[in-house]
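Work through the exercises below with the sequence and the model in view. Each task is followed by a solution in steps.

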Amino acid sequence: MEVGTEKAKVCGTCGKVDAPLKCPCKAVFYCGEACQGASWGGHRGSCTWDLERKFEKLKRKVAEDDLSVGEAALKLGELCHVQDRMGDAEKWYLVALRVFCKALGEGHGRVAGLYGALGEVYDSQGRLEEAMTMFKLALEAYRGASEGDSADVAKALSSVGRMLHSQGLYDASIKKQEEAHAIYLRLFGDSHVMVGASLNNMALCLKDLGRTAEAFAMQEKALDIKRRTLGSDDDATARSLCNMASMLHAEGMLAEALARYEEGLSIIRRNHPGRHSGEGLMMMGIGGVLFDQERVEEALGMFRKALRIFLKTLGAESVEAADAKTSAASALARMGRLGEASEMY
């Protein structure tokens with residue numbers, strides 16, 4: 001399977017490729033005004049451009065701390081988050097957080113949800129200390145709002161565990177993931193998507209502890225759960241494919257790794273017509289495999305495209321952008337283009 005560095009611009013109405021018109025929200029392409037008009041009724045509820053106009057009208061009608069302002073800001077934040085527009089997502093989440101804290105109280109479950117959402121945004125931007133702070137606030141609020149362990153508590157525990165993993169505290173991370181996993185099992189049984197997510201997180205820790213066989217078996221189980229519960233075209237399935245590909249790559253199983261990266265990339269591209277950091281992560285993985293296969297020029301194309309995606313979605317200061325620069329520089333150096341390589345560092 002050959003994967004190009006550019007994805008097709010597919011019309012959101014008729015499915016034709018090379019659609020020239022992009023909605024002002026930047027989330028969908030169209031062949032022209034006829035196709036755009038035909039889909040407007042369905043797209044309108046998720047068009048951030050239209051919702052932002054409505055938000056400004058709402059602010060002129062009600063007080064700035066009215067709950068409806070928070071609701072509208074939350075919806076915009078969630079849509080921007082899904083579209084990987086992290087700076088915009090943060091802006092809207094903070095507006096919603098201010099309103100909800102005042103209207104509902106800092107211990108309310110919806111406030112806890114916003115702490116968690118902001119944690120996800122900060123994590124994706126490499127702002128790990130801020131992410132950890134938000135996840136801990138979410139965990140505290142969820143525990144205060146529920147009488148026993150809940151799915152929200154488990155999710156917050158898992159998020160704290162991921163941050164511990166980022167800090168290299170693998171044993172502490174696994175303990176948090178095991179606690180979350182036990183809650184999910186009690187609540188949902190062993191075939192729920194969140195059970196798969198906790199297995200995925202534990203597998204990543206086991207891999208970094210050198211327990212590769214255990215990690216791979218756990219990752220396969222997580223992928224199977226996600227395929228059965230979410231389907232083969234969900235972003236979570238794509239992330240599991242990426243994680244499995246990374247393990248295969250580390251074991252030198254390059255063809256198998258490449259196939260899983262390519263499958264994951266196809267899922268992300270179908271789900272996100274605009275730029276998305278998940279596409280960049282898959283392209284980095286593909287580039288790494290191509291590099292190790294001595295297909296260095298192809299690898300360089302992947303690294304450069306991934307860098308452009310990360311700069312657009314996560315920002316120049318993100319860890320992902322730095323990794324893409326380093327990888328591109330390594331490819332250039334391997335090709336003997338040392339001057340260009342030095343400019344990348």
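**Exercise 1: Leu311**

Leu311 is found in helix H14; helices are DSSP runs of H or I with at least four residues, strands are runs of E with at least two, and both are numbered from the N terminus. The structure is a predicted model, in which local features need pLDDT of at least 70 and side-chain atom pairs count only at pLDDT 80 or more, while totals for chains, interfaces and linings use all residues. Residues are numbered from 1 along each chain as its sequence is written, and side-chain values use heavy atoms, with hydrogens and water left out.

Task: state how Leu311 is classed by accessibility, and which residues it touches.

Step 1. Take the classes: buried is under 20% relative accessible area, exposed is over 50%, and partly exposed is in between, with a 1.4 Å probe and protein chains only.
Step 2. Leu311 has 39% relative accessibility, so it counts as partly exposed.
Step 3. Contact means heavy atoms within 4.5 Å. Leaving out residues up to four places away in sequence, Leu311 touches Ala316 and Ala321.
Step 4. Gly196 lies 115 residues from Leu311 along the chain, and 31 Å separates their C-alpha atoms.

**Exercise 2: The nonpolar cores**

Task: find how many residues the largest nonpolar core has, and which helix gives the most to it.

Step 1. A nonpolar core is a set of buried Ala, Val, Leu, Ile, Met, Phe, Trp, Tyr and Cys residues joined through side-chain atoms within 4.5 Å.
Step 2. The largest such core has 84 residues, and those with the most contacts inside it are Tyr93, Leu114, Tyr261, Met282, Ile286, Phe303 and Phe310.
Step 3. Helix H14, residues 296-313, gives the most to this core, with nine residues.
Step 4. Look at Leu114: its contacts, not counting residues up to four places away in sequence, are Leu74, Tyr93, Ala96, Leu97 and Phe100.
Step 5. Another core, of 10 residues, lies apart from the largest one; Cys11, Cys23, Phe29 and Tyr30 are among its residues.

**Exercise 3: The whole chain**

Task: state how many helices and strands the protein has, and what its radius of gyration is.

Step 1. There are 16 helices and two strands.
Step 2. The radius of gyration is 21 Å, close to the 20 Å of the globule rule for 345 residues, so the protein is as compact as a globular protein of that length. The radius is taken over C-alpha atoms, and the rule is 2.2 Å times the number of residues to the power 0.38.
Step 3. The C-alpha trace spans about 60 × 55 × 40 Å along its principal axes.
Step 4. Of the 345 residues, 46% count as buried.
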